[in-house]
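These are my notebook entries on one protein chain. I record what I looked up, entry by entry.

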Amino acid sequence: MIMNKCLMMSRGGITIGYGAMIAANAQLISNNHDLHDRQIFTCKPVHIGKNVRIGTGATILA
């Protein structure tokens, strides 16, 4: 189940397991800027396991 107004930036890939529940306004973000050089754009996968619950407004990073 994925509730309304979730943001998913999936350039690095996002996998959501069976039975996962993602509440409203959660963010799953698989891309970011390098910590040392802000001009480098990184993409790493986000994996949400099965039966995981993510609360309202949570931000999940790679």
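Entry 1: I began with a term: strands are DSSP runs of at least two residues, numbered from the N terminus. The model I examined is predicted. I looked up the elements and found 0 helices and 9 strands in the chain. Read from the N terminus, the order is β-β-β-β-β-β-β-β-β.

**Entry 2: confidence.** The mean pLDDT of the chain is 94, and 100% of its residues reach 70 or more. Confidence is lowest in β5, where the mean is 87. It is highest in strand β8 (residues 53–54), at 98.

**Entry 3: the chain as a whole.** I looked up the extent of the C-alpha trace, which spans about 35 × 20 × 15 Å along its principal axes. The chain has 62 residues, and buried residues make up 21% of them. Its accessible surface comes to about 4,500 Å². Carbon and sulfur atoms hold 54% of that surface. I also looked at contacts with a separation of 6 or more: residues 24 or more positions apart account for 43% of these.

**Entry 4: the nonpolar core.** Which residues form the largest nonpolar core? I found 7 residues in it: Ala20, Ile22, Ala26, Leu28, Val46, Ile48 and Ile54.

**Entry 5: serine 30.** Serine 30 sits in the loop between β4 (27–29) and β5 (31–33). Is serine 30 buried or exposed? Serine 30 counts as buried because its relative accessibility is 2%, and the cut-off for buried is under 20%.

Entry 6: I looked up a nonpolar surface patch of about 290 Å², which is made by Met1, Met3 and Met21. Methionine 21 belongs to strand β3 (residues 21–22). With a relative accessibility of 32%, methionine 21 counts as partly exposed.

**Entry 7: histidine 47.** Histidine 47 lies in strand β7 (residues 46–48). Its relative accessible area is 59%, so histidine 47 is exposed; the cut-off for exposed is over 50%. I checked one distance from this residue. The C-alpha atoms of histidine 47 and cysteine 6 are separated by 16 Å, and the two residues are 41 residues apart along the chain.

Entry 8: Most residues other than glycine have a negative phi. Asparagine 25 is not a glycine, yet its phi is positive, at about 65°. Asparagine 25 is in the loop between β3 and β4 and is partly exposed, with a relative accessible area of 39%. Asparagine 51 also has a positive phi, of about 60°, without being a glycine. Where does asparagine 51 lie? Asparagine 51 is in the loop between β7 and β8. At 55% relative accessibility, asparagine 51 counts as exposed.

Terms used. Residues are numbered from 1 along each chain as its sequence is written. This is a predicted model: local features need pLDDT of at least 70, side-chain atom pairs count only at pLDDT 80 or more; totals for chains, interfaces and linings use all residues. Side-chain values use heavy atoms; hydrogens and water are left out. Helices (H or I, at least four residues) and strands (E, at least two) are DSSP runs, numbered from the N terminus. Buried means under 20% relative accessible area, exposed over 50%, partly exposed in between (1.4 Å probe, protein chains only). Contact means heavy atoms within 4.5 Å. Accessible areas come from the Shrake-Rupley method with a 1.4 Å probe; for residues, only the protein chains shown count as cover. Patches are made of residues with over 30% relative accessible area and no salt bridge: like charges are joined within 9 Å, nonpolar side chains (Val, Leu, Ile, Met, Phe, Trp, Tyr) within 5 Å. A salt bridge is a side-chain nitrogen of Lys or Arg within 4 Å of a carboxyl oxygen of Asp or Glu. A nonpolar core is a set of buried Ala, Val, Leu, Ile, Met, Phe, Trp, Tyr and Cys residues joined through side-chain atoms within 4.5 Å. pLDDT is the predictor's confidence in each residue, from 0 to 100.
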